Amino acid sequence: MSLFGAESPDLLTTLRAAGIELLWHPSLSEASGRDVLDLLQSILDGDTRLDILCLEGSVIQGPNGSGAFHRLAGSDRPMRDWLYDLCQVARHVVAVGNCAAYGGITAAGGNPSEACGLQYDEQRPGGLLGAEFVDRTGLPVVNVAGCPTHPNWVTDTLTQLAAGEMERGHLDVFERPRSYTDHLVHHGCPRNEYYEYKASAEKPSDLGCMMEHMGCLGTQAHADCNTRLWNGSGSCLRGGYPCINCTAPDFHEPGHAFARTPKVAGIPVGLPTDMPKAWFVALSALAKAATPNRLKNNALIDHIQIPPNIHGDKKRE
């Protein structure tokens, strides 16, 4: 559903412009049943070329490593086995979403389905294909992580691969495209002025910064959600919900409620990336001491009550 929301241009226009022929997609293709099985077999037999294999959703290995919990309809084989074989013949392999990349929410809790990603089991390299897997060009699985992924993260990645322009250096330490993970969700956040003065929200719908009390991880999350908006205008933070760092391998089990910030001695556990704790404490104290009354007031309500002063404003008589 996210991918269908691709814009400027739309999904099908992007694929055509990149010279990508869609062999099969569960929602866009008419083929089903035996036709799909025949297509997959023709790929494995070498009769049909597969340049980019995209997987959405985790790989189900259970029970007891058999993969029997998830069989491909119409076949006697676990989906896991089909995926493994297809990855060996594909020119590139792309994991779309956190589940396909790292196991995601499906792998949370006791993980009774033994879910994992294509090349990761949460933060640990391995998964279905093993840590040493590389495609026919020397690339690992490209992990377009997110829950869900921004549609243009996917189309950008497909376009790069189709043009032969994706290199190992274009991926970060978790094999995510750096085109979006070299940024932080904090960049472009509409609440940044509140963050600067540590004018913090205390409940849902408050306008203030959500890092101190409401679990926001935007200062640590690698993504460009607030500069590459969803549907032209949206992001989690713009919708009033804290960033939960859904591009990270272990985002689904933070050890506390998503919308709550754990603290030690009053200091948030999840500090901004690259900031030593002592610096944060000192800067936070100074910022709070200097917080304008406008921000203190507006941070705790759901609409702007006190507007900024207009520079040079003079009262008229």
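Me: Which helix do the buried residues of α2 pack against?
Reply: In this predicted model, helix α2 covers residues 34-44. Its buried residues are Val36, Leu37, Leu39, Leu40, Ser42 and Ile43. Residues three or four places apart on an α-helix point the same way, because there are 3.6 residues a turn. The buried residues of α2 pack against α3 (79-89).

Me: Which residue just after α2 takes a positive phi?
Reply: Helix α2 spans residues 34-44. Just after α2 there is a positive phi of about 85 degrees, and the residue that takes it is Gly46.

Me: How many helices and strands does the protein chain have, and what does its C-alpha trace span?
Reply: The secondary structure comes to nine helices and nine strands. Along the principal axes, the C-alpha trace spans about 85 × 45 × 35 Å.

Me: What share of the residues counts as buried, and what share of the accessible surface belongs to carbon and sulfur atoms?
Reply: The protein chain has 317 residues, and 44% of them count as buried. The accessible surface comes to about 16,700 Å². Of that surface, the share belonging to carbon and sulfur atoms is 53%.

Me: What percentage of the contacts with a separation of 6 or more comes from residues 24 or more positions apart?
Reply: Contact means heavy atoms within 4.5 Å. Among the contacts in the protein chain with a separation of 6 or more, residues 24 or more positions apart account for 65%.

Me: Which residues does UniProt list for "binding site", and why can they be said to gather at one spot?
Reply: The UniProt entry, which is unreviewed, lists Cys99 and Cys147 under "binding site". They span 49 residues in sequence, yet no two of their C-alpha atoms are more than 8.0 Å apart, so they gather at one spot.

Me: Is Cys99 buried or exposed?
Reply: Cys99 sits in helix α4, residues 98-102. Beyond its neighbours within four places in sequence, Cys99 is in contact with Gly57, Ser58, Gly104, Ile105, Thr106, Cys116 and Gly117. The cut-off for buried is under 20% relative accessible area. Cys99 has 19% relative accessibility, so Cys99 counts as buried.

Me: Where does Cys147 lie, and what is its relative accessible area?
Reply: Cys147 lies in the loop between β7 (142-144) and α5 (151-162). Apart from neighbours within four places in sequence, its contacts are Asn98, Ile105, Cys246 and Phe251. Cys147 is partly exposed, and its relative accessible area is 35%.

Me: What relative accessibility does Thr157 have?
Reply: Thr157 lies in helix α5. Leaving out neighbours within four places in sequence, Thr157 is in contact with Val142, Val144, Met166 and Pro177. Thr157 counts as buried, with a relative accessibility of 1%.

Me: How many Å apart in space are Ala278 and Cys236?
Reply: Ala278 is in helix α8 (residues 277-289) and is exposed, with a relative accessible area of 56%. In sequence, Ala278 and Cys236 are 42 residues apart. C-alpha to C-alpha, their distance in space is 29 Å.

Me: How many cavities of 30 Å³ or more does a search of the whole structure find, and which residues are closest to the centre of the largest cavity?
Reply: The search of the whole structure finds two cavities of 30 Å³ or more. The largest cavity has a volume of about 90 Å³. Its lining holds 13 residues, and by class these are eight nonpolar, four polar and one charged. Closest to its centre are His186, Cys189, Cys209, Met211 and Cys216.

Me: Which residues line the second largest cavity?
Reply: The second largest cavity has a volume of about 40 Å³. By class, its lining has six nonpolar, two polar and no charged residues. The residues are Gly215, Leu217, Cys243, Ile244, Phe251, Pro254, His256 and Phe258.

Me: What volume does the second largest pocket have?
Reply: The second largest pocket is lined by 20 residues, of which Leu217, Gln220, Asn245, Pro254 and Gly270 lie nearest its centre. By class, the lining has 10 nonpolar, eight polar and two charged residues. The volume of the second largest pocket is about 390 Å³.

Key
Residues numbered from 1 in each chain as written. Predicted model: local features only at pLDDT ≥ 70, side-chain atom pairs only at ≥ 80, totals over all residues. Heavy atoms only, no water. 1 Å grid on protein atoms, 1.4 Å probe; cavity = no way out; pocket = protein on both sides within 12 Å on 5 of 7 lines; lining within 4 Å. Points joined across faces, edges and corners; volume = space filled by probe spheres on them. Nonpolar A, V, L, I, M, F, W, Y, C, P; charged D, E, K, R; others polar. Helix = DSSP H or I, 4+ residues; strand = E, 2+ residues; numbered from the N terminus. Buried < 20%, exposed > 50% of the residue type's maximum accessible area, 1.4 Å probe, protein only. Areas by Shrake-Rupley, 256 points an atom, 1.4 Å probe, with all protein chains shown as cover. UniProt positions renumbered as here; feature names shortened; annotations may be inferred.
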